[in-house]
Amino acid sequence: MKGRVIFIGAGPGDPKLLTIGGYQAIEKADIIIYAGSLVNPEVLNHRKKTAEVYNSATIDLNQIIKIIEKGIDNNKTIARVHTGDPSIYGAIGEQIRELEKRNIKYEIIPGVSSVFATAAALESELTLPEISQTVIITRPEGRTPKPEKESLASLATHQATMCIFLGVGMIEKVVEELKNGFDGKEGYNENTPIAVVKKASWKEQLIVRGTLSDIVDKVKKANITKTAMIVVGEILDPGDFESSKLYDPNFKHEYR
């Protein structure tokens with residue numbers, strides 16, 4: 001019986017945020033392919049001494065699949081380790097497509113996304129009653145194109161909580177789109193709170209807070225150019241707000 005591939009969400013950085021399932025899969029893997037440009041290598045410290053380790057930052061999709069094919073032919077278990085949760089900007093879809101072409105079995109172990117490590121670092125709830133009940137997870141257009149209806153300017157018209165991956169390197173463009181609005185509808189106003197968190201949960205975590213009017217200068221002063229999450233919305237500085245009905249003594253709730 002041939003082996004299998006396990007896609008693992010390694011979490012945002014802190015090895016303690018690796019799930020038990022992810023920990024056990026890495027521990028038992030014969031071959032490990034990890035996203036070396038983002039995954040904290042400490043999450044691999046408990047691997048078998050005999051495990052083969054490949055850094056996917058230096059290889060392409062075809063090479064990854066060849067490593068997997070060879071491992072499967074030799075009845076090996078392969079841990080494909082991604083940063084955060086692999087379902088968000090993890091590029092697992094294209095890998096799964098190739099595995100299915102070859103009838104290679106796989107499973108996915110979810111991980112703690114940097115979105116939620118960022119919210120924890122900011123000590124914020126992303127959804128507050130009457131402030132925002134929607135979280136938009138997105139990225140600006142770069143080498144990967146986006147549909148126009150998913151542009152930051154278009155999404156900004158909802159004025160919901162927005163968490164932006166891969167945008168700090170173009171922070172000026174991001175801020176302009178957030179303020180501009182789209183198709184006659186307003187975006188966020190320039191006083192909207194915004195935060196940039198570099199390497200959430202890592203030892204070198206750095207937080208910069210501001211508004212859309214001053215965040216560009218603050219980010220440049222802090223010299224943050226990559227590996228950071230941008231969060232924008234009133235939940236970052238909500239002032240007083242209504243409590244939810246979840247723990248209201250006059251409200252019975254099935255999901256307490």
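This is a predicted model: local features need pLDDT of at least 70, side-chain atom pairs count only at pLDDT 80 or more; totals for chains, interfaces and linings use all residues.
Histidine 46 sits in the loop between β2 (31-34) and β3 (52-55); strands here are DSSP E runs of at least two residues, numbered from the N terminus. Histidine 46 counts as buried because its relative accessibility is 17%, where buried means under 20% relative accessible area with a 1.4 Å probe, protein chains only. Apart from neighbours within four places in sequence, histidine 46 is in contact (heavy atoms within 4.5 Å) with Leu18, Tyr23, Ile26 and Glu27.

Now to the domains. An automatic or database assignment gives domain 1 (4-109) and domain 2 (114-236).

| Domain 1 and domain 2 | Value |
|---|---|
| Distance between centres, over C-alpha atoms | 29 Å |
| Buried area (accessible area lost by both parts together, 1.4 Å probe) | about 800 Å² |
| Share of the buried area on carbon and sulfur atoms | 70% |

In domain 1, Pro12, Ile88 and Tyr89 lose the most area to domain 2, together 62% of what that side buries. Contacts join 11 residues of domain 1 with 11 residues of domain 2. Zero salt bridges are found across this interface, taking a side-chain nitrogen of Lys or Arg within 4 Å of a carboxyl oxygen of Asp or Glu as the rule.

A note on reading the model: residues are numbered from 1 along each chain as its sequence is written, and side-chain values use heavy atoms, with hydrogens and water left out. Local features need pLDDT of at least 70 and side-chain atom pairs count only at pLDDT 80 or more, while totals for chains, interfaces and linings use all residues.

Technical notes
Buried area is the accessible area (1.4 Å probe) that two parts lose on being put together, summed over both. Helices (H or I, at least four residues) and strands (E, at least two) are DSSP runs, numbered from the N terminus. Buried means under 20% relative accessible area, exposed over 50%, partly exposed in between (1.4 Å probe, protein chains only).
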